[in-house]
Amino acid sequence: MDDLKAKYLGQIAEAGDENALEAIRVAAVGKKGEVALKMRELGKMTPEERQVAGPALNALKEEINSALAAKKAALADAALDERLRTEWLDVTLPGRPRGQGTLHPVSQASEELTAIFAELGFSVAEGPRIETDWHNFDALNIPGHHPARAEMDTFYMHRAPGDNRPPHVLRTHTSPVQIRSMELQGAPIRVICPGGVYRADYDQTHTPMFHQVEGLAIDKDISMANLKWVLEEFVKAFFEVDDVELRFRASHFPFTEPSAEVDIRCSWEGGQLKIGEGDDWMEILGSGMVHPKVIAAGGIDPEVYQGFAFGIGIDRLAMLKYGIPDLRAFFDSDLRWLRHYGFAALDMPNLHGGLSR
Ligand code: 2U9
């Protein structure tokens, strides 16, 4: 029996893995193992012999079992140690960078100016991009023969052959939204209408789709002084300057009378734009007192009410604020230019340090 013990404890000590241990268990203490065979021999012994051999065999079986369990635990510990030694993570390595989205500069400019006009008491109105030619032209004092219809390079929607109703158009400005707002709300009214507009034109300063924000304020005692103040407040807030000088130049639009184009004082030095200082002037918008015919087209009595209106190109505002030189970059499908201009969420260029022509 001592031989058996020495043999199996030796084998257990040598075993290199769980399979080897299992083979030893079957051979030693399994149903047909050596210890079981010895147990069977107990029947042939004398009672005295059995009294000695029985407990000894049981003790041997227990000893082998506990040696097996201890070795199994030791092998598991060693395997874990090996894994811990070989499979380790460097948690100090930097993470893989993930592509981050950003607002489009036109959307960003649009959101900023909407917030500024909201502070000034203007609500936002939206309307269809496919318009009746009445809302887009006639209501704005641009009748069928008016050269502005041709000047605006209008996209006309097709009508079925034989359908002789006036055509729908892709709106050439957001002014029809203001006509619709007047029709719905009446006076007094203060709205801005930001959104995409369409003209068949494409070069470095024009794209077939671009964005405008137009504003309209109508009440009984609105004057150009109110227009001037609103525009000054807007320009100061949008370009983040304490003071700015505006220059009103007489102009002509069919929908306003009188009309004015508005320039802001600025300087271009070393290719850098500074707004509110310097000896240059830059045109940024058109404006005027709403033509009485246009007020009437919106269903409001021009004998009682008057108001101002203005129109600004949002794309150009965004280019000026963020220093983007070519309008076409906005509509290019390759957006690497966005990063090139430092345009990433939470990573805005500083207006007065970061602009270049
Ligand atoms: C109504 C009445 C009047 C909106 C106006 C302009 C002058 C203007 C241009 C600016 C740059 C278009 O995008 S741009 O090319 N707009 O100069 N827009 S007054 O006048 C209105 C609008 C609606 C009912």
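**Figure 1. Surroundings of Asn141.** The backbone oxygen of Pro254 lies 2.8 Å from a polar atom of the Asn141 side chain, a polar contact being a pair of N or O atoms within 3.5 Å; within protein, one atom must be able to donate a hydrogen and the other to accept it, and residues adjacent in sequence count only if both atoms are side-chain atoms. The structure is a predicted model, in which local features need pLDDT of at least 70 and side-chain atom pairs count only at pLDDT 80 or more, whereas totals for chains, interfaces and linings use all residues. Residues are numbered from 1 along each chain as its sequence is written, and side-chain values use heavy atoms, with hydrogens and water left out. Asn141 is located in the loop between helix H6 (133-136) and helix H7 (147-151); helices (H or I, at least four residues) and strands (E, at least two) are DSSP runs, numbered from the N terminus. With a relative accessible area of 18%, Asn141 is buried, where buried means under 20% relative accessible area, exposed over 50%, and partly exposed in between (1.4 Å probe, protein chains only). Not counting residues up to four places away in sequence, Asn141 touches His146, Pro254, His291, Lys293 and Val294, contact meaning heavy atoms within 4.5 Å. The phi of Asn141 is near 65 degrees, a positive value in a residue other than glycine. Most residues other than glycine have a negative phi, and most peptide bonds are trans.

Figure 2. UniProt, in an unreviewed entry, lists Glu257 under "binding site"; UniProt positions are given in the numbering used here, feature names are shortened, and annotations may be inferred rather than shown by experiment. Glu257 lies in strand E7 (residues 256-269), and Pro258 also lies in E7. The peptide bond that joins Glu257 to Pro258 is cis, with omega near -5 degrees. Glu257 counts as partly exposed because its relative accessibility is 47%. Apart from residues up to four places away in sequence, Glu257 touches Met289 and His291.

Figure 3. The ligand is surrounded by 20 residues, the closest being Gln212, Glu214, Phe253, Gly286 and Gly311; a residue is near a molecule if one of its heavy atoms lies within 4 Å of it. A polar side-chain atom of Gln212 is found 2.8 Å from an oxygen atom of the ligand. From Gly311, a backbone N or O atom lies 3.4 Å from a nitrogen atom of the ligand.

**Figure 4. Helix H2 and its buried side.** The 12 residues of helix H2 (residues 18-29) should span 16 Å at 1.5 Å a residue, and the end C-alpha atoms are 16 Å apart, which agrees; the expected span is 1.5 Å times one less than the number of residues. Leu21, Ile24, Ala28 and Val29 are buried in H2. These residues cover an arc of only 85 degrees around the axis, which puts them on the same side of H2; the arc is that of the directions from the helix axis to the C-beta atoms. An α-helix has 3.6 residues a turn, so residues three or four places apart point the same way. Helix H1 (2-14), helix H3 (34-41) and helix H4 (47-86) pack against the buried residues of H2. At the start of H2, the backbone nitrogen of Asn19 has a side-chain oxygen of Asp17 within 3.1 Å.

**Figure 5. Tyr8 of helix H1.** Tyr8 is placed in helix H1 and, at 3% relative accessibility, counts as buried. The side chain of Tyr8 reaches the backbone oxygen of Ala27 at 3.3 Å. Tyr8 and Ala27 are 19 residues apart in sequence, and their C-alpha atoms are 9.1 Å apart in space. Leaving aside neighbours within four places in sequence, Tyr8 is in contact with Ile24, Ala27, Ala28, Glu34 and Ile64.

**Figure 6. Helix H8 and the residues that follow.** Among the buried residues of H8 are Ser175, Val177, Ile179 and Met182. The elements covering the buried residues of H8 include strand E2 (130-132), H6, E4, strand E5 (209-219) and helix H10 (292-297). Gly186, which follows H8, has a positive phi near 70 degrees. The peptide bond from Ala187 to Pro188 is cis, with omega near -5 degrees. Pro188 is in the loop between helix H8 (175-185) and strand E4 (189-198).
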